[in-house]
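Here is a short report on one protein model. Have a look at the sequence and the structure first, then read on.

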2 protein chains.
Amino acid sequence: MASANDEIEALIALMARLPGLGPRSARRAVLHLIRRRGALMAPLAAAMAHVAETARECAVCGNIATGDLCDICLNPARATGEICVVEDVADLWAMERGQAFRGRYHVLGGTLSALDAVGPDELGIPRLLERTRAEAISEVILALNATVEGQTTAHYIAEALEGSGVSVTSLAQGVPIGGELDYLDDGTIQAALRARKRF
Amino acid sequence: MASANDEIEALIALMARLPGLGPRSARRAVLHLIRRRGALMAPLAAAMAHVAETARECAVCGNIATGDLCDICLNPARATGEICVVEDVADLWAMERGQAFRGRYHVLGGTLSALDAVGPDELGIPRLLERTRAEAISEVILALNATVEGQTTAHYIAEALEGSGVSVTSLAQGVPIGGELDYLDDGTIQAALRARKRF
């Protein structure tokens with residue numbers, strides 16, 4: 001099924017491995033890139049090569065960094081004393097877009113899973129507990145997904161911190177801003193009702 | 001809204017300019033790339049840089065090539081004497097995936113448009129007419145989109161070739177293979193009825 005030459009086909013095959021692109025949209029994206037090879041394709045290739053070369057995990061929090069430490073851990077304006085625990089870097093980025101949290105993070109890189117043999121050590125939970133002591137943390141905010149695995153992991157961390165004097169909190173559950181009740185799942189409505197507040 | 005560092009943000013902004021990716025899916029794609037920076041990101045950056053460096057338009061047909069001529073124009077096994085005229089390279093690739101046409105192509109790079117001031121010269125139609133003489137072409141197959149602009153362009157080319165002895169044909173219109181009548185637009189059903197064949 002040769003429809004372009006081998007080098008272009010190889011590029012399409014690599015692009016098709018990106019999430020959100022299939023073989024057909026990868027083909028369209030490559031064609032778009034070739035049409036704009038000076039203005040878009042060459043800068044994109046260079047930016048990608050540079051990040052591939054320099055990106056690594058922050059040694060403290062697990063965020064993506066281009067040095068030993070990430071920009072958040074290096075930023076003296078970020079509050080110390082509070083750690084927000086997230087499952088992965090995408091969740092950290094989502095929290096940052098919210099611009100509500102000004103402390104530090106801890107990226108677990110997954111959730112506890114007996115099936116996949118992911119235990120506390122694989123998630124760096126001992127390192128989190130050590131940080132709460134070393135950095136004199138007063139609050140750990142569990143911003144884990146509202147899935148069974150996320151909540152299991154949250155309970156595990158909360159128990160591990162019991163008696164340590166660290167306050168453990170989690171994100172509120174309820175109706176999203178702008179959300180319509182008719183489109184919400186039953187679990188969210190139940191959680192929002194249980195956590196109802198005086199108007 | 002700093003959610004990653006500047007270099008990673010710059011990469012996300014470039015990725016978001018690809019068709020089919022928005023800001024959110026570009027972010028997800030970049031995160032996926034960084035996680036697989038050795039196995040996927042570095043090879044992708046290299047393949048992209050290479051194609052950006054070498055890709056150009058085939059001097060004969062307008063297909064994408066990595067040399068002066070594209071693989072199809074260079075392939076001695078492809079029939080001479082037949083030219084398939086397409087709007088753009090994506091259409092050429094679609095024809096090639098069909099594996100039904102074994103001749104040569106001519107890529108117009110668009111359609112005639114009075115509004116956008118695209119005339120026959122901008123589309124290389126004089127070059128197409130010249131090719132029909134120089135390459136002793138017996139048939140020109142118009143594989144243009146079934147849109148108003150595509151069909152206007154098809155009529156223009158057919159008229160320009162009138163009296164030249166070249167047979168001008170176009171792709172058949174009708175019910176797609178596997179297509180259900182209930183889901184077809186009226187125009188397709190009308191075209192399929194007009195072009196009905198003895199069973």
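## The sheet in chain B

Strands E5(B) and E6(B) pair over 4 bridges, in the parallel sense. This is a predicted model. Within the pair, Ile141(B) stands opposite Thr169(B), a residue of E6(B).

Now take the whole sheet. Chain B has an open sheet of 4 strands, in the order E4-E3-E5-E6, with parallel pairing. Which strands stand at the edges? They are strand E4 (104-107) and strand E6 (167-170) of chain B. Each has a single partner strand, so one side of each is left without a neighbour in the sheet. From one strand to the next, the twist averages 25 degrees.

## Helices across the sheet of chain B

Helix H5 of chain B, residues 89-98, lies across strand E3 (82-86) and E4 of chain B. H5(B) runs at about 155 degrees to E4(B). H6(B) lies across E3, E4 and E5 of chain B. The angle between H6(B) and E4(B) is about 160 degrees.

## The sheet in chain A

Chain A also deserves a look. Here 4 strands form an open sheet in the order E4-E3-E5-E6, and the pairing is parallel. The edge strands are E4 and strand E6 (167-170) of chain A, and each pairs on one side only. Neighbouring strands of this sheet are turned by 25 degrees against each other on average, direction ignored.

Strand E3 of chain A, residues 82-86, runs parallel to E4(A), and 4 bridges join them. Where do their residues line up? Ile83(A) stands opposite Arg104(A) in E4(A). Val85(A) stands opposite His106(A) in E4(A). Both faces of E4(A) are covered. Arg104(A) and His106(A) are buried on one side, and Tyr105(A) and Val107(A) are buried on the other.

H5(A) lies across E3 and E4 of chain A, at about 155 degrees to E4(A). Helix H6 of chain A, residues 125-134, lies across E3, E4 and strand E5 (139-142) of chain A. H6(A) runs at about 160 degrees to E4(A).

## How the two chains are related

Two copies of a chain are related by a rotation about an axis and a shift along it. What rotation superposes chain B on chain A? It is a rotation of 180 degrees, with 0.0 Å of shift along its axis and an RMSD of 0.0 Å. The two copies are thus related as by a two-fold rotation axis. In chain B, the C-alpha nearest the axis belongs to Ala45(B), at 2.3 Å.

Through which surface do the copies meet? They meet through the same surface, because 100% of the interface residues of chain B are also interface residues in chain A.

## The nonpolar core

In soluble globular proteins, nonpolar side chains tend to be buried together. The largest nonpolar core in this model has 78 residues. Those with the most contacts inside this core are Leu11(A), Met15(A), Met48(A), Leu11(B), Met15(B) and Met48(B).

What does Leu11(A) touch, leaving aside its neighbours within four places in sequence? In chain A, Leu11(A) is in contact with Val30(A) and Met41(A). In chain B, Leu11(A) is in contact with Leu44(B), Ala47(B), Met48(B) and Val51(B).

A disulfide is a covalent bond between the sulfur atoms of two cysteines. How many disulfides does the structure hold over all chains? The count is 0. Cys70(B) is in no disulfide, and its nearest cysteine sulfur, that of Cys61(B), is 3.6 Å away. Cys70(B) is buried, with a relative accessible area of 0%.

The cut-off for a disulfide is within 2.5 Å. Cys73(B) is buried, at 14% relative accessible area.

## Two residues with positive phi

Most residues other than glycine have a negative phi. Gln99(A) is not a glycine, yet it has a positive phi of about 55 degrees. Gln99(A) sits in the loop between helix H5 (89-98) and strand E4 (104-107) of chain A. Is Gln99(A) buried or exposed? Gln99(A) counts as exposed, at 57% relative accessibility.

Ala136(B) has a positive phi too, near 50 degrees. Ala136(B) is found in the loop between helix H6 (125-134) and strand E5 (139-142) of chain B. At 60% relative accessibility, Ala136(B) counts as exposed.

Methods. Residues numbered from 1 in each chain as written. Chains lettered and ligands numbered in written order. Predicted model: local features only at pLDDT ≥ 70, side-chain atom pairs only at ≥ 80, totals over all residues. Heavy atoms only, no water. Buried < 20%, exposed > 50% of the residue type's maximum accessible area, 1.4 Å probe, protein only. Least-squares fit on C-alpha atoms with pLDDT ≥ 70 in both. Contact = heavy atoms within 4.5 Å. Pairing = 2+ DSSP bridges. Axes fitted to C-alpha atoms, helices over the stretch in contact; angles between N-to-C directions. Core = buried A, V, L, I, M, F, W, Y, C linked by side-chain atoms within 4.5 Å.
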